[in-house]
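Colleague: Pick one part of this model and take me through it closely. Keep it brisk, and give me the cut-offs as you go.

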Amino acid sequence: MRKAVITGVLLLLPLLITFWLVKWIILFITEPFMGFAEEILKNTMPGHVQPWLPILSFSLPIVVLVALFFFTCFLGMLGHTYFLRYPINLIQRLFSKTPFIRRMYHLFADLFKNTLGPASKKALENPVIVPFPHKGGRYILGFLTSKKPISAQGKNLFSVMIPTAPHPIAGYVLLFAKEDLCSVDISTEDAIRFSVSLGTLIKENKWRIKKRAE
C-alpha cells in the first residue's frame, strides 16, 4: 500500500505542480484585463445564454490570453512602421527623462531585453562546474551567463548563475576566474533536471569535464 501511494504521488505531483504554474501564469497575465472582458461578455451575450455565463467566465482567461497574443503580434508588426514607432520612441524618451520612473523603466527594459531578446538565446546554454563556496574539492553546477569577462584587479571574471535546488528559479550570480570554469558535456535540460531532482536524475554517471579555453 505504501509503495502504491508513493508511486501515485510521484505520478500526480508533477502534473499538479505544472497545472498550478500554468494557471498562475495565465491569471497573472490576464488579471488586468479580466474586468473589461467580463463587462464585454455581459453586455454582448444574448438573454438565453446568460445562465451559461459562469461557465464562460471560467474559460474567459484563456480567451483573453489568446486575444493578447494576437494583439501583441499585431503590435509587433506595427512597431516596425513609422506610424507606431514615433509615439513609442516619444514615450520612451519621456520615461527616460522622468525622475524615479526612469530608473524603473531602464531596469525593466534591460531585464526584458537580456532575457527575451536575441542575445538571451544562448544565455543558459553553457553548463559549467565551478568550486563552491570556495576551492577545496567541493563543486557546484551552474550556467555561464556571458562570455564577455569583467575586468577587476587585473583579472578577467566571468558571471555564472548558480541555481538553488530544488527550485532553480532563484539563485546566485557569482564571478569566477577563467581557470575556475570547467565545461561539462550535458545539455541545459539535463542540468536543470539534475538541480530540480536534487541530483537523483542523471542521464550519464560519467561527465566529461574540461577546462574552458575561452
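Modeller: The structure holds one salt bridge, meaning a side-chain nitrogen of Lys or Arg within 4 Å of a carboxyl oxygen of Asp or Glu. The partners are Asp190 and Arg193, with their closest N and O atoms 2.5 Å apart. This is a predicted model: local features need pLDDT of at least 70, side-chain atom pairs count only at pLDDT 80 or more, and totals for chains, interfaces and linings use all residues. Residues are numbered from 1 along each chain as its sequence is written, and side-chain values use heavy atoms, leaving out hydrogens and water.

Asp190 and Arg193 both sit in helix H6, three residues apart, so about one helical turn separates them. Helices (H or I, at least four residues) and strands (E, at least two) are DSSP runs, numbered from the N terminus. An α-helix has 3.6 residues a turn, so residues three or four places apart point the same way.

Asp190 counts as buried at 17% relative accessibility. Arg193 is partly exposed at 36%. Buried means under 20% relative accessible area, exposed over 50%, partly exposed in between (1.4 Å probe, protein chains only).

Now the rest of the helix. H6 runs over residues 188–196, and its buried residues are Thr188, Asp190, Ala191 and Ser195. They span an arc of only 165° around the axis, so they lie on the same side of H6. That arc is taken from the directions from the helix axis to the C-beta atoms. The cover over these buried residues includes E1, E2 and E4. Just after H6, Leu198 has a positive phi of about 60°.

Phe143 in E2 is the bridge partner of Pro127. E1 also pairs antiparallel with E6 (residues 182–184), over two bridges. There Cys182 stands opposite Ile129.

Then the packing. The largest nonpolar core has eight residues: Val128, Val130, Leu144, Phe158, Val160, Ile162, Phe176 and Leu181. Such a core is a set of buried Ala, Val, Leu, Ile, Met, Phe, Trp, Tyr and Cys residues joined through side-chain atoms within 4.5 Å. E1 and E4 (155–163) each supply at least two of its residues. E4 gives the largest share, three. Beyond its neighbours within four places in sequence, Val160 has contacts (heavy atoms within 4.5 Å) that include Val128, Leu144, Phe176 and Leu181. Apart from this core lies another, of seven residues, among them Ile129, Leu141, Cys182 and Ala191.

Last, the cysteines. The structure holds zero disulfides, a disulfide being a pair of cysteine sulfur atoms within 2.5 Å. Cys182 is buried, at 12% relative accessibility. Cys73 is partly exposed, at 35%.

Key
Two strands pair if DSSP finds at least two bridges between them.
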